[in-house]
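The sequence and the structure are shown first, and the main points follow by topic.

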Amino acid sequence: MRIKQITSTATDNRGNTSEFSNCIPVEDGGGVVIVNSTGDAGDIHPGDGNCSTGGVNSEAQVECTLRAAIEEVNAQGGFQKVIFDVPGESPFTISPAAGLPAVAGQAEVDATTQIGFGGTPVVEIDGSDAGTSDGLTLSGSDVTVRGFAINRFGGNGIVLGGSGTHVVELNYIGTDVGGTADLGNGGHGLLVSDGDHNRIGSREAGMANVIVYNDSDGVHLSAGLANSISRNSIRSNGRLGINLVGGSETVEGVTSNDDGDADTGPNDLQNYPTLNSAVLGGDLLEIEGTLTGFAEATYTIELFGNDTCDSSDFGEGREPISAPSI
Ligand SMILES: [Ca+2]
Ligand SMILES: [Ca+2]
Ligand SMILES: [Ca+2]
Ligand SMILES: [Ca+2]
């Protein structure tokens, strides 16, 4: 019996039993699927409640791969959580032979659950064998992807589509689990192709993404509104760190600020600040700049430190410094 409502009684140590308590609905906490193999086989019966390739992993357990887990949770529907318990040692490298299926949501795919995780990714998705495909694609809504190194895909590292409200945090996109090797993806690090209210990065310490060495932009937005990109380390990508292209902006490259910011497109073609001076005296960094926008709105300004500026002279943003609001 699927329990839909729950109530309770209390009995004391003398045997006196109470009336029933209040009755409350049981919320659906979703299922949990455990990936226990770096293999690439698919699920033999998607939607049957079990993630199984029909084979076994290195410890003779019923094998569940990342591909099989995505197929299974997509078929089950409802909120599903994918966690990791792969035998062996870091890095746990998954090498798909073709593109992985899109994660249709709602789901949380959380590689920080893998034993050995100590604050930085230990599970790597290596696209070397996956042709021109993208690494992970998020469709539908409410998909969280956390804790992966995603590298060497011919396409983009992660694609956010569907209706949005996805979360991408604590991933290394374009590098290895060490965060240093140049293993960029062939397209953008992240592409937001559709959807609103996605969150890329996090204000929480240690939860933002590292987006480096990708051949095109670090984060490319071609549609959608209210897609926040916060506190990530974005550097050494082939083109811009963050690129808004679409709406009234039809060309690639740095989008010019407009007076009053009435232009429209991805993220409403939000104007960026204009920095005038930065002076470091001892521990005190004094920045002067301006932002043209709507008088009644509030804006959060994030500052980033770099060793060198991008060849465009705009960005990228290697080290987030602080986040004052105005
Ligand atoms: Ca299954
Ligand atoms: Ca642009
Ligand atoms: Ca603008
Ligand atoms: Ca605008």
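Which residues have the most contacts inside the largest nonpolar core? In this predicted model, they are A69, V145, I158, L190 and V219. The core in question has 53 residues, and at least three of its residues come from each of domain 1 and domain 2.

**Domains**

- The domain assignment divides the chain into domain 1, residues 32–88, and domain 2, residues 89–272.
- Taken over C-alpha atoms, the centres of domain 1 and domain 2 are separated by 24 Å.

**Contact between the domains**

- Domain 1 gives 17 residues to the contact, and domain 2 gives 21 residues.
- On the side of domain 1 that touches domain 2, the elements giving two or more residues are α1 (66–76) and β4 (80–84).
- The largest share of that side, 6 residues, is supplied by α1.
- By residue class, the side of domain 1 that touches domain 2 comprises 8 nonpolar, 4 polar and 5 charged residues.

- In soluble globular proteins, nonpolar side chains tend to be buried together.
- Here, the largest nonpolar core counts 53 residues, of which α1 contributes the largest share, 5 residues.

**Surroundings of V219**

- V219 is among the residues with the most contacts inside the core.
- Leaving aside residues up to four places away in sequence, V219 touches H188, G189, L190, I200, I211, I229, I234 and I242.
- One of these partners, L190, is itself listed among the residues with the most contacts inside the core.

How values were computed: Residues numbered from 1 in each chain as written. Chains lettered and ligands numbered in written order. Predicted model: local features only at pLDDT ≥ 70, side-chain atom pairs only at ≥ 80, totals over all residues. Domains from an automatic or database assignment. Contact = placed C-beta atoms within 7 Å. Helix = DSSP H or I, 4+ residues; strand = E, 2+ residues; numbered from the N terminus. Nonpolar A, V, L, I, M, F, W, Y, C, P; charged D, E, K, R; others polar. Core = buried A, V, L, I, M, F, W, Y, C linked by C-beta atoms within 7 Å. Buried ≥ 20, exposed ≤ 12 C-beta atoms within 10 Å, placed from the backbone.
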